[in-house]
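Subject: The structure I promised you

Hi,

Here is the structure to open in your viewer. Have a look around first, then read my notes below.

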Amino acid sequence: MAFDEAKKDFNLIGTRPARPDGIDKVTGRAQFGADKAAPGQLHAAILRSPHAHARIKSIDTSAAEKAKGVKGIVTRADFATGLKGEMWNKLENVMAGEKALYDGHAIAAVAATSALAAKDALKLIKVDFEVLDHVTNVDESMKDGAPVIREGAAGPSTPEGMHPNVVGFYSSGHGDVDAGFADADLVIEDTFTTEATHQGYIEPHACLAQMGKDGKGEVWCCTQGHFNVAKVCGHLLGTEASQIRVTASEIGGGFGGKTEVFIEPVALALAKKTNRPVKLVMSRSEVFRASGPTASASMDIKIGMKKDGTMTAGRGVFRLQGGAFPGAPGTFTAMCAFAPYALENVSQEAYDVMTNRPKQAAYRAPGSPMAAFAVESVVDELCNQLGLDPIEVRLKNASREGSKASFGINWPRIGLVECLEAAKAHPHYSTAIPENGGRGVSCGFWFNHGGETAVSLALAEDGTVSLSVGTPDIGGSRASMCMMAAEELGIKYDDIRTTIADTATLGYNEISHGSRVTYASGLATIEAARDTIKKLCKRAAAKWGIDEDAVYWEDGFAKPSGPNAGEFEPMSLAKIASKMGATGGPIVGHYEATPEGAGVSFAVHIVDAEVDKETGSTSVGRYTVIQDAGKAIHPSYVEGQFQGGAAQGIGWALNEEYIYGEDGRLQNAGFLDYRIPVASDLPMIDTVIVEVPNPGHPYGVRGVGETSICPPLAAIANAVSNAAGVRMKSLPMSPPRILKALDEA
Amino acid sequence: MIHVTTTINGDETEFVCDPRETLLDVLRDRLSLTGAKEGCGTGDCGACSVTVDGTVVCSCLVLGAEAEGKEIGTVEGIATGEDLHPIQQKFLDHAALQCGICTPGILVATKALLEKHPDPTETQVRYWLAGNLCRCTGYDKIIRAVMDAAKDMRSAA
Ligand code: FES
Ligand code: FES
């Protein structure tokens, strides 16, 4: 679908009204995952493996069953059998089968009359484990002799002769990279690593579930995709998705981590067994050990450049560690790596590798930030050694409309050059670099996504509107939906109420992921409003006794056009709505589609950092985000996405990492030891919204949520490397790593 | 079970609880005051912030039994009737929340900050709120909202 001319004159779009869920959220009324209770509910707790890799020889629940308050216990035996492929993988992750595959893997769950009673009962469950050798490092896991996580997990793309832990492979490229390197005046080749990090949403996973013997269930949970929860629960419980009605609570952060299903099937199984509502809430340590952190990566990059800054060739090999199941985002890593550059010669390949760690999940632009870190570090080093300006070099080689992307497509209208020009013109770039400091620049890229979407828009007799969308609001999207609907209908923002409909009320909606919500649910909202307008015009035409084509909609009124212009008094939405019962019944507009025109988004970040060479600690002094939003519907929430992504990137670059001990157990499963940035760590984060309209959206919207985390790892690494005078090749750049690098320099 | 008499947001309140239950558990599970959130349960995130006799504490680190005879303040007590407190309004005006899970704790901490330091510097605000994690916003808009609320409250005083 292409919208030839993006709408340009707006009343509401681009303004900053207060969000509709705002008052509930500042008064404590908003209900998040753990905030709901049901009469007679039980509380559940999950027993988790203390071993990284172990055969489960037996589970004895008899003592726990007799404990005070305990009403039911489930193990793998209480879930569906005969699942295949992806659903088998999901079940295996939700509740271990023959083996525990990582520290924290669920083994059994208890429902009891209180949370304390459930936790106490876990201690009475006896599991006989046969401890197996384990591996948690990606490079180790690919080597001959590494413990095998599971035979036969490799996908069809995996090359012959690789270790069974290598389960996926991707490659692409064009031109002749060796010839390109031969053409270069300088070629740099290096290896980079990043550690696994966690999305770190402040709200742990939580749900409340009910299920009867008839297999009909209800779930309330914090999720980015309640339709997906229904689908997965249906499979894992051996019933149909349509029999499980899922309502999405307010969600306390997700960033990709709440696209996965971990506890809802367990709560349902316990509810079925006990015939009582069951509440299940993860602790923070469970979130770290047993939800889905990012992949970690090990990457080889080689880039050639001429003295004038022309890049002649690029090659990348990416090894992604994805935990105990297939699915690490290596394909995305490889595709994003060289996306900002129009290279004549490029090649990239990626390996998806299993280890004894929790299954990785999406974290904002999965796979892209690490690729940018590796590639943009080498580009920075080339600029340094050739004495070239990093923005000029990026402009010289930038992908633009019509150029061939590193992964094969021809770029449509994109905004990278505009972002680079805005970066060059930004006062930040022309201020002096602080003494003892360094400046870093990086580009970043993400695809963005459309996906299955259904929206319904119902008029009330008083002329207000009830808009139902199926994408959980993870960052203010209800405000954007109200704005787009109000813009089309020509009514007040406050006259629209947007609800996240449950799975029994609306057609299937894909997860809130891929930066798709403002794009896809927005597009569907606009189309549903236009559908409603057609119906409104028809009612007016009938009333006036003229052809419906002779009626048009403007600023909230049906108006007669052509020869009838001025013949009849324009009719407002409220007026038509007030009579709808007698003029043909309720007026409801709707739209269902899988829009495919999600415009990609590029960003450029500039950062100044200072490094204390005595202690190895880094402080971020000034930070500027420049990103193409296509069209910012609500600029405050666009800025918020830019700032949030940058802040998470700062954490990923400087502090955050999963630390596994020799025993394969996670050593820092809490916010004290896994330290995310706090207010006193960060500066203000300046933002520039670039608007290069996406032709695939009626207003030009591009998704913005994910691209913002693509450049920061590289931008900060470049700033730190320039400040320290030594190239940092491993994240996080924690003080010990910086001191070590300084020592070795 | 322990019997406790306390005052919450000005209302006298009684409850019974297990000696191991935290004040956060009591507020949320026994008194249905779910405004305070549990982000960690270990004193590291501040989502559970409440005041006890005017001092900001992590309610996940206080036992329910310790509330005996104390004055507890939660996010539910910040607004006056339907009138939002200026800091609540400023959080809306500045879009200082994305998901909003950190917001109750940050509002409780901010209110205490401004009662003590009506004219804080940006650095003071950042350090005062350093115990309240927000993963969504990068803090920028939160800090601006707090500074702006402080300014308005000073000129109203
Ligand atoms: S829940 Fe109390 S500090 Fe995190
Ligand atoms: S707004 Fe989501 S954690 Fe602060």
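Chain A and chain B bury about 3900 Å² between them, and 60% of that is on carbon and sulfur atoms. Buried area here is the accessible area (1.4 Å probe) that two parts lose on being put together, summed over both. Three residues of chain A stand out: A:Val26, A:Ile202 and A:Met684 supply 19% of the area that chain A buries against chain B, more than any other three residues.

Before you go on, keep in mind that this is a predicted model, where local features need pLDDT of at least 70 and side-chain atom pairs count only at pLDDT 80 or more, while totals for chains, interfaces and linings use all residues. Residues are numbered from 1 along each chain as its sequence is written, chains are lettered from A and ligands numbered from 1 in the order in which they are written, and side-chain values use heavy atoms, leaving out hydrogens and water.

Back to the interface. If you count contacts (heavy atoms within 4.5 Å), 50 residues of chain A touch 43 residues of chain B. There are also five salt bridges across it, each a side-chain nitrogen of Lys or Arg within 4 Å of a carboxyl oxygen of Asp or Glu.

Which elements give two or more residues to chain A's side? They are α1 (22–27), α4 (115–122) and α18 (635–654) of chain A. Helices here are DSSP runs (H or I, at least four residues), and strands are runs of E (at least two), numbered from the N terminus. The largest share, nine residues, comes from α18(A).

Now for the aromatic rings. Rings of Phe, Tyr and Trp (its six-membered ring) pair if their centres lie within 6.5 Å; planes under 30 degrees apart are stacked, over 60 edge-to-face, and the rest tilted. That gives 21 aromatic pairs over all chains. In one of them, A:Phe288 and A:Phe671 have ring centres 5.6 Å apart and planes at 85°, so they sit edge-to-face. This pair links distant parts of the chain: A:Phe288 is in helix α9 (residues 284–290), and A:Phe671 is in the loop between α18 and β26 (685–690), 383 residues apart. Both A:Phe288 and A:Phe671 are buried (under 20% relative accessible area; exposed is over 50%, partly exposed in between; 1.4 Å probe, protein chains only).

Cheers
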